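This briefing walks through a structure by topic, from overall make-up to single residues. Please keep the sequence and the 3D view open while reading.

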Amino acid sequence: MTRVRAGIAGVVAVMFAVATTEFVLGLLPGAGSLFIAVGDVVIEATPGPVVQVAIDAFGSANRLVLLVSMTIVMAAAGAVIGVLGLRRPVVVPVGFAAFGVAGALAGLGDVAITTTSALLAAAAGVVAGAAVLHRILQLITPGTMRETATSVPATAANNGGQSSTWYPSSVAIVDRSPATSDPAPDTSDRSWDEAMPTRRRFLTWTAATAGAAGVLLATGRFLQDRAAASVARVTTALPSPSRPLPPPPAGASLDVEGISPLLTPNDDFYRIDTAFSIPRINADTHRIRITGMVDQPFEISFAELLDLADTEVDVTLSCVSNQVGGDLIGTARWLGVPLADILDRAGVQAGADQIVGRSVDGWTGGFPVEAAFDGRPAIIAVGMNGEPLPARHGFPVRLVIAGLYGYVSDTKWLSEIELTTFDAFDAYWVPRGWSAEGPIKIQSRIDVPRDGASVDAGTVAVAGVAWSDERGVSAVEVSIDDGPWEPAELADELASSAWRQWLYRWEATAGDHVLRVRASDADGQPQTADVSAPAPDGATGHHTIRVSVT
Ligand SMILES: Nc1nc2c(c(=O)[nH]1)N[C@H]1C(S)=C(S)[C@@H](COP(=O)(O)O)O[C@H]1N2
Ligand SMILES: [Mo]
């Protein structure tokens, strides 16, 4: 029984140690995570074919699977430390120190973590984990309490001789030192927990430690994410564009309760990426390289890009994984530098047909060179709806290319633009089964009423948004109960690269009804009724909802 408890205590103590590192890094400026730093080292050290097997098996969850596996390995090591520590207490500090060294080394190799932060966090984790495990082992070891009492001369000196040899008294005496985290002061010679039966002591301490670990972890992560977001706001003042757009025309927004707003607020904007934690980038030193098939490769700093950012565009971003009727789509007014200006400076060589945007975390998206030059909005963006890019949406710099799904074009946390060919390079999602080219397919969505809603008979506003590639939407139609397609009213177009609101006034009669919507593209071609899944190049089919009218 004691060994099982010791093993569990070891697991809990390891979690507590890791949570302590997260918390300490949350308090320090510009910090990341030692745990994730270790994960990154593991990924780098893993042979490519093994990584590929993991990606094939787990897809985009492969990073999560790695971190879960690491957790299991660390928990197992913690259990071993706990059990061994019963007989040989020295195993506890030595074991945690080994964890600490691994964490510190990984942290030193992580650009987001300063040397001081890595060392402080690792040290705090070692002390916290070892102290708590030491304390629990002591409390659950038969005879220890009497041993401890031996060190307090007046109380139970005559019990000393009966103590078991499980845990040396010398260690038990160390327990009285102020280094331990006793949650309550002694009210007598025997502390409150020493007076409890072993089982209760064990449960109380492990539960308290696990709870504390949860609180430290959550607080640490919260502080880190807040720090990442505030860095963006504090350090960046957006220039005013010399080519500003007029405010969105009034006629582009319909007055319908529940319809998607024309511009999606940053806080409501969908987020899709493979980053397990949001990259924290120092905007003061960040540079973007223009490389590959160009005459003059060069680097440009974020500050220079800010100076050049004179162009505003209204662009709808859509994820290729968006289901018909799904919400992985949003529209923003982006501020940035035309990609063509930067590419012209570098001089794109004949033969290059792919532009690859690479992120600081190694992620890549690739799209045709023509997309930068055919006149569609295609910018290196620094602003989103009048603010610096939020950290989750790519601070300090991302690409925004109209008419293409996000996975091929809209690289966040941009660090490099490489000119290459589709033959020579596959971007991140291509070997994972997604199409190399990703033009946005025409789609439309019913925002109101909601699927499954009940509405009153009479005139009902059926309304939503429709979008297409960069050339826009020419019509939207609605069909009730498989009846004929009836034209919906279209709001004014904000930009052909942005979605368009639509409204259909439906004379609803009592009963259950099926409502469908379809849009037509710039050439007047209506959306296909064929249903296809998002993979490999975007979902098709008509968004269809059921409504009951009373
Ligand atoms: N660095 C990086 N950029 C990325 C991704 C990513 O995983 N990493 N995902 C892309 C995908 S799949 C989409 S749909 C868009 C989403 O952008 P958002 O999160 O700002 O809405 O970002 C793109 N840019
Ligand atoms: Mo996506």
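Does W499 count as buried or exposed, and at what relative accessibility? With a relative accessibility of 2%, W499 falls under the 20% limit and therefore counts as buried. The model is a predicted one. The protein chain has 14 helices and 19 strands, and 51% of its 550 residues count as buried.

**Overall make-up**

- The protein chain has an accessible surface of about 24,000 Å², and carbon and sulfur atoms hold 59% of that surface.
- Among contacts in the protein chain with a separation of 6 or more, 75% are between residues 24 or more positions apart.

**Surroundings of W499**

- W499 sits in the loop between β16 (489-490) and β17 (500-508).
- Leaving out residues up to four places away in sequence, W499 touches S260, P261, L262, T264, T316, I329, G330, T331, R445, V465, A466 and W467.
- The side chains of W499 and T331 make a polar contact of 3.1 Å.
- G330 is 169 residues from W499 along the chain, and the C-alpha atoms of these two residues are separated by 8.5 Å.

**Nonpolar cores**

- The largest nonpolar core has 65 residues, and the members that touch the most others are W334, L339, I355, I380 and I417.
- Strand β7 (residues 378-384) supplies the largest share of this core, with six residues.
- The core lies between domain 2 (250-432) and domain 3 (443-549), because both domains give residues to it.
- As background, nonpolar side chains in soluble globular proteins tend to be buried together.
- Beyond its neighbours within four places in sequence, I380 is in contact with L305, L335, G336, V337, L339, I342, V397, R398, L399, L414 and I417.

**Ligand 1**

- Ligand 1 is surrounded by 17 residues, of which Y270, T274, H393, R398 and K412 are the closest.
- A polar backbone atom of Y270 is 2.6 Å from an oxygen atom of ligand 1.
- In the side chain of R398, an N or O atom is 2.7 Å from an oxygen atom of ligand 1.
- For K412, the distance from an N or O atom in the side chain to an oxygen atom of ligand 1 is 2.5 Å.
- On its own, ligand 1 has 530 Å² of accessible area, and the protein covers 99% of that area.

- E22 is part of helix α1 (residues 2-27).
- E22 counts as buried because its relative accessibility is 2%.
- Apart from neighbours within four places in sequence, E22 is in contact with S33, L34, F35, L217, G220, R221 and Q224.
- E418 belongs to strand β10 (residues 414-420), and a polar contact of 3.2 Å links its side chain to that of R358.
- The residues touched by E418, not counting those up to four places away in sequence, are T291, G292, Q354, I355, V356 and R358.

- I480 lies in strand β14 (residues 473-480).
- The relative accessibility of I480 is 16%, so I480 counts as buried.
- With residues up to four places away in sequence left out, I480 touches Y504, W506, V514 and L515.
- A508 is 28 residues from I480 along the chain, with 9.6 Å between the C-alpha atoms of the two.
- D481 is in the loop between β14 and β15 (486-487), and D482 is placed in the loop between β14 and β15.
- D481 is partly exposed, at 38% relative accessible area, whereas D482 is exposed, at 58%.
- Phi is positive in both residues, near 50 degrees for D481 and near 60 degrees for D482.

**Backbone exceptions**

- Most residues other than glycine have a negative phi, and most peptide bonds are trans.
- The peptide bond between F395 and P396 is cis, with omega about 5 degrees; P396 is in the loop between β8 (387-388) and β9 (398-401).
- Another cis peptide bond joins A535 and P536, with omega about 0 degrees; P536 is in the loop between β18 (511-521) and β19 (544-549).

Key
Residues numbered from 1 in each chain as written. Chains lettered and ligands numbered in written order. Predicted model: local features only at pLDDT ≥ 70, side-chain atom pairs only at ≥ 80, totals over all residues. Heavy atoms only, no water. Core = buried A, V, L, I, M, F, W, Y, C linked by side-chain atoms within 4.5 Å. Buried < 20%, exposed > 50% of the residue type's maximum accessible area, 1.4 Å probe, protein only. Helix = DSSP H or I, 4+ residues; strand = E, 2+ residues; numbered from the N terminus. Domains from an automatic or database assignment. Contact = heavy atoms within 4.5 Å. Near = heavy atom within 4 Å. Polar contact = N/O pair within 3.5 Å; in protein donor to acceptor, adjacent residues only side chain to side chain. Areas by Shrake-Rupley, 256 points an atom, 1.4 Å probe, with all protein chains shown as cover.
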